[in-house]
Structures are given as structure tokens and as C-alpha cells.
Amino acid sequence: MTALLDAPLPPLLLAYSLCVVFAAGMVRGFAGFGFSAISVAGLSLIVSPAKVVPAIFALEILASLSQLRGIARDVDMRWIGWLALGNLLFIPVGVALLAWLPETPLRLLIGALLMAAALLLRRGYRAALLPTRGVRLLAGVLSGFINGVAAIGGIALAVLLSTVNMPPARLRATMIALLLFSDVVALASAALMPGAAHASGSLLGPETLRWAVWLAPAMLVGIWFGGRSFAGVSPEQFRRHVLNLLIGLAAVSVLRSLYGLLA
């Protein structure tokens, strides 16, 4: 119990971490995604990604549970089953690559592709995909794989869902419900996957709970503020804000990967 209450970082670095998680929580509360991307990007500047990613999965689960009551009626049931199936099958594949292969080149490639897609959509390109079963399953497969590799599966899913003209409340609710499922799967995969590449024994250890306990209050306060901001936004404003957010998050992912290559 005493070890759990011991801060995982010195005071100044802990304060920085809490600010990062608070900002990420605001984004999550507003858009329904983005928490992992911002948190991992910010925290990985001071700690190893392999150390914080499992804790971020745990915090994502808590975030979704805290929002679930308010969004349950807006979840698109036609999408959620196929998205969940794709995530169930491919999150373990992504986590395996995180554990066994060099992570930086994978993150760089994924971030660059997502940023290009978001830029095209923001400049007016309309993909207008038909929401067939195949498209729904493909969205689940891609988001699951990317979530396992880089903890930014929400970005990939948001890019895909923005092409099917889903109403903002439904998009946000479906994202939150899917992230709850996918992060449970990702956390379980991390618990079972040996982390030989990081010489840490496993990707999930006692430190995960300590990180989650210290960061959770800042995240929950941020989610509350972000949720209040969503209430007064029109569909067009929401789409524009989401695309701007996607571009920014993808750019952060690319820059973080480049920093990792050059460091």
C-alpha cells in the first residue's frame, strides 16, 4: 500500500505529467478519443513508452466507464459489434509487435498515414464510404492493430468514422464504447505478452497501478471540463474541431517518432 502511494516521479516531473493527463482528459471529454495519443506523446518525453502505455490503457478504461452512462443511448449498435470483433482479433497482433519489434519506425509510419488522411479530409476531400459490414470490420481491424502498436487506435477510427457522415453525438458515443472494449483487450494482451524487447519481463507490472492511481484524478477532472464543452457545439463545428484535433495528434505522433529515431 505504501509503495502504491509513493509518487512515480519527482515533484516537477509529476506536475508536468498531471498537466499532460489533464489536457488529454479534456480532449477525451470533448471528442470521445485522443487521450492515449496525447498522454503517451507527452509522457514518453520523460519516461519509456513501454512503462506508461499499459497504465494509459487502464486510464482509458476508467475514462470510458466515467462517460458510459451519459452516452449509452447514442451508441451505434450497427457499428459496435463489427468494430469490437476487429479489435478483438488484431489488438493482440499490435501488442505483440510492440513487445518484439522496434516500435519507432512503426509509430512513424502509422502517424504519417493518419496525418495525411486527416489533412485530406480537412481540405474538403469527401471519401463518403458506405457503412457496409466489410467497412465496419475493416475499421475495427485497423483501429485494433494501431491501438496495440501505438495506443492511438482512436485516431484511426475517428478518421474512418468521419467519412461516413455519422452525427457527432453518435460518433462520440460509439468511439467511447469501442475504446472501453478495445482497452480491456489491450490491457489483457499486455498482461500476457512478455516484453523481451524492453528487458522488463512484461509490458504490465506493479508500476501500472501506481501510475494509474496518481494520474486518474487529473484525467477525470479534464474529462468533466471537456464534456461541458461538447454540449454547445454544432455538427459542422464538431467535425472541424475533430479533424483539426486529428491533424494535431497525428503530427505529435510523427514528431515523437522522429525524436525517437534521432535520439
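Student: Which residues of H10 are buried?

Tutor: The buried residues of H10 are Thr-208, Arg-210, Trp-211, Ala-212, Leu-215, Ala-216, Ala-218, Met-219, Gly-222, Ile-223, Gly-226 and Phe-230. Buried means a relative accessible area under 20%, exposed means over 50%, and partly exposed lies in between, with a 1.4 Å probe and protein chains only. Please keep in mind that this is a predicted model, in which local features need pLDDT of at least 70 and side-chain atom pairs count only at pLDDT 80 or more, whereas totals for chains, interfaces and linings use all residues. Residues are numbered from 1 along each chain as its sequence is written, and side-chain values use heavy atoms, with hydrogens and water left out.

Student: OK, and where is the kink in H10?

Tutor: A kink of about 40° lies at Leu-215, shortly before the proline Pro-217; the bend at a residue is the angle between axes fitted to the seven residues ending there and the seven starting there. Leu-215 is also one of the buried residues of H10.

Student: What should the 25 residues of H10 span?

Tutor: Helix H10 covers residues 206-230 and should span 36 Å at 1.5 Å a residue, which agrees with its end C-alpha atoms being 36 Å apart. The expected span is 1.5 Å times one less than the number of residues.

Student: Zooming out, how many helices and strands are there in the chain?

Tutor: The protein chain has 11 helices and zero strands, where helices (H or I, at least four residues) and strands (E, at least two) are DSSP runs numbered from the N terminus. Buried residues make up 51% of its 263 residues. Of the contacts between residues at least 6 apart in sequence, 84% join residues at least 24 apart, a contact being heavy atoms within 4.5 Å.

Student: How many salt bridges does the structure hold?

Tutor: The structure holds three salt bridges, each defined as a side-chain nitrogen of Lys or Arg within 4 Å of a carboxyl oxygen of Asp or Glu. In one of them, the side chains of Glu-60 and Arg-28 meet at 2.7 Å, N to O. Glu-60 lies in helix H4 (residues 49-71) and Arg-28 in helix H2 (residues 11-31), so this pair ties together parts that are 32 residues apart in sequence.

Student: Are those two buried or exposed?

Tutor: Glu-60 is buried, with a relative accessible area of 3%, and Arg-28 also counts as buried, at 0%.

Student: Which residues are linked in a network of salt bridges?

Tutor: Asp-76, Arg-78 and Arg-170 are linked in such a network. The side chains of Arg-78 and Asp-76 meet at 3.2 Å, N to O, while the closest N and O atoms of Asp-76 and Arg-170 are 4.0 Å apart. Asp-76 lies in the loop between H4 and helix H5 (77-100) and Arg-170 in helix H9 (residues 168-192), so the pair ties together parts that are 94 residues apart in sequence. Asp-76 counts as buried at 4% relative accessibility, whereas Arg-78 is partly exposed at 48% and Arg-170 is partly exposed at 34%.

Student: Switching to rings, how many aromatic pairs are there?

Tutor: A search of the whole structure finds five aromatic pairs. Rings of Phe, Tyr and Trp (its six-membered ring) pair if their centres lie within 6.5 Å, and planes under 30 degrees apart count as stacked, over 60 as edge-to-face and the rest as tilted. Phe-30 and Phe-238 form a tilted pair, 5.8 Å centre to centre with 45° between the planes. This pair links Phe-30 in helix H2 with Phe-238 in helix H11 (residues 235-262), 208 residues apart. The rings of Phe-230 and Phe-238 have their centres 5.4 Å apart and their planes at 80°, so that pair is edge-to-face. Elsewhere, ring pairs link Phe-22, Trp-224 and Phe-225 into a cluster.

Student: Last one: where does pLDDT stay under 50?

Tutor: It stays under 50 over residues 196-202, for which the model has 14 contacts beyond four places in sequence. pLDDT is the predictor's confidence in each residue, from 0 to 100; the protein chain averages 80, and 87% of the residues score at least 70.
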